[in-house]
Amino acid sequence: MGNTDGLWRLQEHLLALTIDELRIANWQRQNEGVKESKQTKPPKPMARPGVGRGRDKNSPERIAKRKAALARAAERRSALARGEIR
């Protein structure tokens, strides 16, 4: 699943959404008629790239993109200092 840049296409997001909905429906059927204090915890959604607690923040692709952006900014600043850019 997913492209080389660590991101999902629309089809993959829709598949994950369908799986999450099925898991919730199964959980609801399992806990139907059960007192709330005796119910199991609801299932957590599938982990998706770019969503959540920053798990994908430090993927190799993102680190490379950040470094490239910093290098471009540094080059632009030095070109400005040399007077090549106004």
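Which residues are linked with R82 in a network of salt bridges? Hi everyone, let's look at that together. Keep in mind that this is a predicted model.

The answer is E75 and E84, which join R82 in that network. For the pair E84 and R82, the closest N and O atoms are 2.9 Å apart. E84 counts as exposed, at 56% relative accessibility, while R82 is partly exposed at 47%. As a reminder, side chains of opposite charge can pair when their charged atoms come close.

R82 also brings us to helix 2, which covers residues 60-82. After helix 2 comes G83, with a positive phi near 90°.

Now, how many salt bridges does the structure hold? There are 4. One of them joins R23 and D20, with the closest N and O atoms 3.9 Å apart. These two residues sit 3 residues apart in helix 1, so about one helical turn separates them. D20 is buried, with a relative accessible area of 11%, whereas R23 is partly exposed at 34%.

Another salt bridge pairs E12 with R9, and here the closest N and O atoms are 3.6 Å apart. E12 counts as buried at 6% relative accessibility, but R9 is partly exposed at 42%.

Last stop: the surface. L10, L14 and L17 form a nonpolar patch there, with about 290 Å² of accessible area together. L14 lies in helix 1, residues 10-30, and is partly exposed, with a relative accessible area of 45%.

Definitions and conventions:
Residues are numbered from 1 along each chain as its sequence is written. This is a predicted model: local features need pLDDT of at least 70, side-chain atom pairs count only at pLDDT 80 or more; totals for chains, interfaces and linings use all residues. Side-chain values use heavy atoms; hydrogens and water are left out. Patches are made of residues with over 30% relative accessible area and no salt bridge: like charges are joined within 9 Å, nonpolar side chains (Val, Leu, Ile, Met, Phe, Trp, Tyr) within 5 Å. Accessible areas come from the Shrake-Rupley method with a 1.4 Å probe; for residues, only the protein chains shown count as cover. A salt bridge is a side-chain nitrogen of Lys or Arg within 4 Å of a carboxyl oxygen of Asp or Glu. Helices (H or I, at least four residues) and strands (E, at least two) are DSSP runs, numbered from the N terminus. Buried means under 20% relative accessible area, exposed over 50%, partly exposed in between (1.4 Å probe, protein chains only). The expected span of a helix is 1.5 Å times one less than its number of residues.
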